[in-house]
Amino acid sequence: PAQTVTVSTEGNMNGYNRKSPQKRRYDMPKYAVPPKKKAGKERVPQPKNTVAMLNELRHGLIYKLESQTGPVHAPLFTISVEVDGQKYMGQGRSKKVARIEAAATALRSFIQFKDGAVLSPLKPAGNLDFTSDEHLENGIEQIVELIQMLMLPEMNSNLTSLEQPTLHANKNAIAVDGQKKVPDKGPVMLLYELFNDVNFECMNIDGAQNNCRFKMTVTINDKKFDGTGPSKKLAKNAAAKAALASLCNISYSPMMAPQKNAPLPIDDKSSSMELPQIHADTIGRLVLEKFMEVIKGQEAYSRRKVLAGIVMTENMNFCDAKVISVSTGTKCVSGEHMSVNGAVLNDSHAEIVSRRCLLKYLYAQLVLQCNQATAYQSIFVRNTDGQYPYKLKSGVHFHLYINTAPCGDARIFSPHENDTGVDKHPNRKARGQLRTKIESGEGTIPVKSSDGIQTWDGVLQGQRLLTMSCSDKIARWNIVGIQGSLLSSIIEPVYLHSIVLGSLLHPEHMYRAVCGRIEKSIQGLPPPYHLNKPRLALVTSAEPRNQAKAPNFGINWTIGDTELEVVNSLTGRTIGGQVSRITKQAFFEKFGFLMKNLPGMPSRKVNKDYGETKADVKDYQVSKQELFSAFKREDLGSWLKKPIEQDQFGLVE
């Protein structure tokens, strides 16, 4: 429509009007029809460049700048890429163009085109006017033609099976001298380099404002991977790490020695001791999901600092993995609540409770063997060629998850100081020392050689009841097994296959704490007892440091339970004042039942008290004493025992 603009023509100052122009007046109908919006153009998918295409066919490729020639104002870059052991070169006026040309050269070497078609080489970049973009345009046109040919549906049939695009990268894609290394690049950057279709999305935010958790989901080729963290950036990194671990077998685990640093000084054990990242993430996810499932309806007891659980796999098949136990807790029983009947839980730390839940499961599996109709369902089989009546089925493994490093030696380090390499203070006493938990408190202190015996009357008088740290107990499990002394008269020792942490995994300190500090001094173990070295791993979505005060309760759940049990950590009994289902008393009763009903048992009577029955399991006791001696030989302290009166109770008739 026509429009009229009226401007005042009064005198001006320095050529400018003193008065502002009057408002424009539009001469248009009162009910004008709004102009129609232009139909939106359909989004045309951008063709992939040769670098993206090559990365889809071969994951983990590294491009290297070989040389830079020519004057500063007109440089010529030469970049190489190694594919299947063969090096391919590319040149260009920019690094990007050189990288694209190197990728195109590599693609020509192993892509077979229909009807014998071949790619014409790119026009050389030399002898061109560097001020012109013509050489770039010509190169891009040929590259687009290349991509269009590669994207033809019938092309896949002309690729050999080795050239088929795959989601699984070469396991040694990022390796130096045959040993896998942590990539130099960040996970998000590396993910964008390896894949063309990467989409991040912030799904939800959990928690209060001062302790919130972000959840990011990355979608790649219609596959989704989740990551959580205290910030969007960390959650995005975690999601990218999970994707790289699953699709490319690229690990950012601290168990991998960084490229720029020397290998870990533990005789290269870290490479063989690492649990694959995808398995570690599965274990952590399963335990967290089970915790959220069992806590429903009792959210008041969801508050926790330490969460632990045990997962069982058969033949390392993580698709059918079972969560055996879930537990929380950080406290020990108060001295005044000790029991002479084995009716209280002395140690309510989450990982210790999870192991006791596992004991409950092992007893239940042996009960299945008491009936011929249910024996096939058990994870145990009759042992015909050994001194133990029963043993685990072949391929059954147990994996322990803890959301933080176990208290004691595994947690005595600064997470923000790089103390790898040669210890500047090799004689310092803090490394590897046996440590004890404090009654009703958090944290540990080193044991004193003179305090090797605790007395009942001393504790009741006011002496603090001390309990060995979780790091020390895990080290003990790696010698005598996790089945306990009573079951050691029935089954072969059972060891943990792996330990997965949710945070604070320091490879050197963790390895030393759980097995390394005694590997040189342990000796004389009766077969099949041995020093077990579990695989270690850290989940990609690490748990943040929790500054909240630890609650005085803990929960436990074992597979087969209809509901969780809440235990007051200070009294060692349930919040209703009842005896817990995982106490010494409960297990001694189950043991008595097995001795009477389990086929193949040499003895049918339990006529001694709890402590004497445990002492009769000779090989277990020999292995335990060898463990204590190994700690003494290494000058790491003496194992602290509870008052003997705790174990002087018998079976209730």
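Helices (H or I, at least four residues) and strands (E, at least two) are DSSP runs, numbered from the N terminus, and two strands are said to pair if DSSP finds at least two bridges between them. This is a predicted model, in which local features need pLDDT of at least 70 and side-chain atom pairs count only at pLDDT 80 or more, while totals for chains, interfaces and linings use all residues. Residues are numbered from 1 along each chain as its sequence is written, and side-chain values use heavy atoms, with hydrogens and water left out.

Strand β23 (residues 553–558) is mostly covered, since six of its six residues are buried, where buried means under 20% relative accessible area, exposed over 50% and partly exposed in between (1.4 Å probe, protein chains only). In a regular strand the side chains alternate between the two faces of the sheet. In β23, Phe553, Ile555 and Trp557 point one way, whereas Gly554, Asn556 and Thr558 point the other way, and all are buried.

Elsewhere, three strands form an open antiparallel sheet in the order β5-β6-β7. Because β5 (63–69) and β7 (86–92) stand at the edges with a single partner strand each, one side of each is left without a neighbour in the sheet. Neighbouring strands of this sheet are turned by 25° against each other on average, direction ignored; axes are lines fitted to C-alpha atoms, for helices over the stretch in contact, and angles run from 0 to 180 degrees between N-to-C directions. Strand β6 (residues 76–83) pairs with β7 over seven bridges, and serine 80 stands opposite methionine 89 in β7. Helix α2 (residues 95–110) lies across β5, β6 and β7, running at about 140° to β7.

What holds the interior can be described through its cores, a nonpolar core being a set of buried Ala, Val, Leu, Ile, Met, Phe, Trp, Tyr and Cys residues joined through side-chain atoms within 4.5 Å. The largest nonpolar core has 82 residues, of which Leu362, Leu366, Phe398, Leu487, Ile490 and Ile499 touch the most other members, and helix α8 (residues 350–368) gives the largest share of this core, ten residues. Apart from it lies another core of 25 residues, among them Val198, Phe200, Phe214 and Phe225.

Turning to helix α15 (residues 618–633), its 16 residues reach 22 Å from the first C-alpha to the last, close to the 22 Å expected at 1.5 Å a residue, the expected span being 1.5 Å times one less than the number of residues. Its buried residues include Tyr620, Leu627, Phe628 and Phe631, and their cover includes α10 (470–480), α11 (484–487) and α14 (610–615). Just after α15, aspartate 635 takes a positive phi of about 60°.

Over the whole chain, the secondary structure comes to 15 helices and 25 strands, and buried residues make up 49% of the 653 residues.

Definitions and conventions. Contact means heavy atoms within 4.5 Å.
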